[in-house]
Amino acid sequence: MQIPSKYEASQVESKWYDYWMKHNYFHSEPDEREPYTIVIPPPNVTGVLHMGHMLNNTIQDVLIRRARLQGKNACWVPGTDHASIATEAKVVAKLKEQGIDKNDLSRDEFLKHAWDWTHEYGGVILEQLKKLGCSCDWDRTKFTMDDDMSEAVIKVFVDLYNKGMIYRGYRMVNWDPEAKTTLSDEEVIYEEKQGNLYYLNYKIEGSDDVLTIATTRPETIFGDTAICINPTDERFTHLKGKKAIVPICGRVIPIIEDEYVDVEFGTGCLKVTPAHDENDKVLGDKHNLEVVDIFNEDASLNSYGLHYEGQDRFAVRKAIAKELEESGVLIKTETHVNKVGTSERTKAVIEPRLSDQWFLKMEELVKPAIEAVLGEDNEIQLFPKKFENTYRHWMENIRDWNISRQLLWGQQIPAYYYGDGKEDFVVAETMEDALKLAIDKTGNADLKAEDLRQETDALDTWFSSWLWPMSVFDGIRNPENEDIKYYYPTNDLVTGPDILFFWVARMIIAGYEYKGERPFNNVYLTGLVRDKQRRKMSKSLGNSPDALKLIEEYSADGVRVGLLLSSAAGNDLLFDEALCQQGKGFGNKIWNAYRLIDGWQIDETIPQPESSKIALDWYASKFQKALTEIEDHFSKYRLSDALMAIYKLIMDDFSGWLLEIVKPAYQKPVDAATYKGLIAAFEDNLKILHPFMPFLTEDIWHYIAERTPEEALIVSKWPEAKPVNEALIGEFDFASEVVSGIRNIRKEKNIAFKDAIGFSVINNGNTSTTFDSIIQKLGNLEAIEYVNEAVEGALTFRVKSNEYFVPMAGSIDVEAEIKKLTEELNYTEGFLKSVQKKLSNERFVNGAPEQVIANERKKEADALAKIETIKSSLASLS
């Protein structure tokens, strides 16, 4: 089959992806081979392909395709995460457009809408991954809300509860007023924001005295239940035992004493609002203070806010400041920078809120996970290692995990209440089991299922995804099944450092708890994708390109190469579209290289030239050396370096040198032995490049020969490591410098390449003559003559200790050349004088930096060498 003149990426990509899918190459079942397993970090079911996904999944596909070529049973499990907060927000927004309020729906009605939305819009990202060439085992696609996955989550909850590790507690939590749910500490991002510090006067009961407090949140005065002073602060001795009156609402509150108060901050008096500040809650518990919650779940004020009831907290802040100022309570305002917690998902400002929540005790659970990464055995390796410190900090300072969310979309917590008391509940996997437990607990045999009501909270999304490497193989429900025994632990996890704690650490914790071993061997943490100005990619900045449009413009292979060329291991990726263009150009270079070879006529009768035989031997060693380097890069997860080694091998060594050497003369045939050797080398190139550029390589592979499905490139064999002939490589490097010297003379003297030239050498270094046939062909030399003395009337150049001569008779205008060389000599000698004058100046030498002196000495050495060469050329011409 004749290869087309142009590579049409869009047609080729769909053709080969369909072919791979048709022949089931991506699917894996347990067998006698060594397994190689990757589980995808499940993107949100609401997600669409962005640059972070592109990088992460390209890396995973490179690893899985290489493992497949290495003969391993490669299994890449895809799937999506139900993403409670993000998905529920989208469903609520869609309902709003239809004039439906979520609060008017029953749980079942809302979940029907959520499932409809998921079936319509969910999983788009998985289809988009196919465009990138991802070779996932689509038959194994999982969703964290699949029935079997949910069953595993509920089973784990019940197990941990029965072990005494899950408890229900009334705690101060992080409340997201937009999503109307709690968040774990890790889902809160603290950002420095400029606000105000408001100084307010509180009257002292029964006197004309006032005390001044400073607050960043004047709207919370409605929740004040005490003023606190430091008992050692002499400024407020007169207030001990007295009471203050809260402005506007007029509540009388005690003045309490506690050393917690920082005498240096603000005014030294602290207003205590136990319902809305974690530290205030601790003070409140210690001093038995009343707790007054002034907010509704959307952070608008409730009836405690009096005439501000129903208004948003930030609107109230402005309005109340004005009211307090007009009434003489607000005496001054200062600008103040403080850290404000915001929701990672909705970006809403977090409210501390007291509520009943479910928690998982972490102190004991975390110990095997700390040992796995940081212990002597180093069972799980993080790449780059720098993230071990981050991991250590998080894990050694872990707090109990708030696992409940006030959401409908997610696994409903399997707790069943049989009474009105906080402790009147049982935990069970099913309603039937719960009923039996409730009857046993109460002794009431008349209890029926309808007497029980299930907890309305759902579980944190991470509580399902922390089981991912086990649950995708049904390892929780059926711990001895064939899949989990074969594929677990998985090999490599590729993800972003931003979820090192949320997901990676928790999967490690779950792995040791439920399988007694690590969930994966290695964790490769990619960098974040940034633009050339180092800014994080985001829609708001308009610097995040459309992933699918990039594929359309530069081809999937071009984009994959572009991403990896800009991605140094573990560091942030500075994305530049020009690199995708470079990737596309690389593909075109390979395409045209094969087109060139494919256009040659093959003659079985002609002998193989010596130059071609040596060149193929040299390239075989060069390839093996590169292969060793590539394997080393893969072992360290330096995929961009592995790709760069392949890029240089193909661009420089294969296309730049080998093709030039073996190329037959114009309109002449190539011998069969050279053609066969060249195709074998080209096929090896395609094999090592396939994980990075799967479409282009598979396409050319099938143009080279008719292949059966069993012979497709995707399931071919990774090249075997063989000994490297370092001497041959060294000799070629020397020969290539000689060729470059000849080409420079031809270029400078305008000697046409079609004209053969004479060539002599004084072999002072006893250099091997192995590559003489190649030097002769690439230099178009009449012959290579070894001489003992300089050749008269010739231009000369040196490579190491050898001197080479190109006779100039008849090729150039000798007089013009002498004139040109004389001018160049005069200039260089003048330049040398100026440099030596500087170096003979003691003040300059003693005062200038070391690097400056070194640069001047190098200039001197270079000028001296150039003068010697020019004089030698002049001598040979005169």
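Modeller: Angles between axes under 35 degrees count as roughly parallel, over 145 as roughly antiparallel, 65 to 115 as roughly perpendicular and the rest as oblique. The model is predicted: local features need pLDDT of at least 70, side-chain atom pairs count only at pLDDT 80 or more, and totals for chains, interfaces and linings use all residues. Residues are numbered from 1 along each chain as its sequence is written, and side-chain values use heavy atoms, with hydrogens and water left out.

Helices are DSSP runs (H or I, at least four residues), numbered from the N terminus. The axes of α20 (residues 639–662) and α21 (residues 672–689) come within 11 Å and cross at roughly 165 degrees; axes are lines fitted to C-alpha atoms over the stretch in contact, with angles from 0 to 180 degrees between N-to-C directions. The two helices are therefore roughly antiparallel. The crossing of α20 and α21 is left-handed (the near helix is turned anticlockwise from the far one by less than a right angle).

Contact means heavy atoms within 4.5 Å. On the α20 side the contacting residues include Leu643, Ile650 and Phe654, and on the α21 side Thr674, Phe682 and Asn685 are among them. By class, this contact has 13 nonpolar, two polar and no charged residues (Ala, Val, Leu, Ile, Met, Phe, Trp, Tyr, Cys and Pro count as nonpolar, Asp, Glu, Lys and Arg as charged, the others, Gly among them, as polar).

As for the cysteines, the structure holds zero disulfides, a disulfide being a pair of cysteine sulfur atoms within 2.5 Å. For Cys134, the nearest cysteine sulfur, that of Cys136, is 5.3 Å away.
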